[in-house]
Amino acid sequence: MTAVLPRTRPATRSGGFAGAVAAEWTKLWSVRGTWWTLLAAVLLTAAAAGQLAIYAANANTNDDPADDAGIVTVGSILIGSMELTQYAVLALGLLAITSEFTSGTIRTTLQCTPSRGRVLLAKAVVAGTVTFLAGLLLGGVGALVARPALGRWGTAPVAGTARDVLAVAAYLALVGVLALGLGAALRSAVLTLTVLVATLMIVPLSLQEPDIAVLNRIADGFPGVAGGHFLAGDTDPYPPIVGLLLLAAWAAAALALGRAALRRRDA
C-alpha cells in the first residue's frame, strides 16, 4: 500500500513580497552611501534652515523697511530649506536601483525575485519609507535650528509646525519614489539626477520666466511646482491636496516607466 503524502505549495526563492521588502531594506542599510547621504541631508537642512532664519531676522532689523518679513513661522523656514535638501534625499531613491546596475548585483536580485514588478515595488516601499522617516528627522532638525535663529521674529505653533514636518516628509517620500522609478528606467545615476534636476527645477522655471499664463499653467503640473504648492498650502492655482496628488501621479508614472524598462531590457 502506497502512502499518500499531503500536497504542499512549492517554495519560492523570493519569500514573497515581504521577503523582497526585507531584502531591499537590508541592502539599503548595508550600503555605506546610505548613511553618508543621510548625514549630508541633515547637514544641508541645518545649514539651509539656519541661513534662511538669519536672513529673515536680519531683514526685519536692517535699515530697509521694504524687505521686512515680519514674524515668520518655523515651518515656512523648514519648507524653504527643502529646495536644496531634497537633492540629497532623492539620492537615496535613485541609488537604491542605479547602484545595482553599476555593480551588476541587479542580476542576483532578479534571480532571487524574478518578478520585475515585485522587485521594483519592494524597492519603492523601502525607499518611500526611508525617505519619509528621513523627512521627519530633517523636519525636526530644521525646526530646532530655525527657532533660535529667528529669535523674536519667529513663531512655532505646535500644530502648524507638526503639519509642516509631516508635509515635508510626505513630499520627500514621493520625490524619493520618483527618483527610484526614473533610476530603474534610465539605469544611470548621473543621467537620472540630470533628468530629476531638469524636471523638478530647470524646466518649470524656464516655463515660468516669460510669465505667460498658459506656460505658467503647464509649469504648475510639474512635480516640483506641484509639491511646492502642497508644502506652502497654496489655494491658487489649486488646493494643496491637488498638488500632493499631482506629485503622487508623477511618482506612479515613473514607477510604471521603470517597470516597463525592467521587463523589456535584460539586467
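Helices are DSSP runs of H or I with at least four residues, numbered from the N terminus. The structure is a predicted model, in which local features need pLDDT of at least 70, side-chain atom pairs count only at pLDDT 80 or more, and totals for chains, interfaces and linings use all residues. Residues are numbered from 1 along each chain as its sequence is written, and side-chain values use heavy atoms, with hydrogens and water left out.

Leu 136 lies in helix H5, which covers residues 116-150, and this residue is partly exposed, with a relative accessible area of 32% (buried means under 20%, exposed over 50%, and partly exposed in between, with a 1.4 Å probe and protein chains only).

Among the buried residues of H10 are Gly 243, Leu 247, Ala 251 and Ala 254. The buried residues of H10 pack against the helices listed here, where contact means heavy atoms within 4.5 Å.

| Helix | Residues |
|---|---|
| H3 | 74-103 |
| H6 | 158-186 |
| H9 | 223-232 |

Helix H5 is also one of these partners.

Leaving aside neighbours within four places in sequence, Leu 178 is in contact with Leu 196, Leu 200, Pro 223, Trp 250, Ala 251 and Ala 254, so that Ala 251 and Ala 254, both buried residues of H10, are among the contacts of Leu 178.

Methods
Helices (H or I, at least four residues) and strands (E, at least two) are DSSP runs, numbered from the N terminus.
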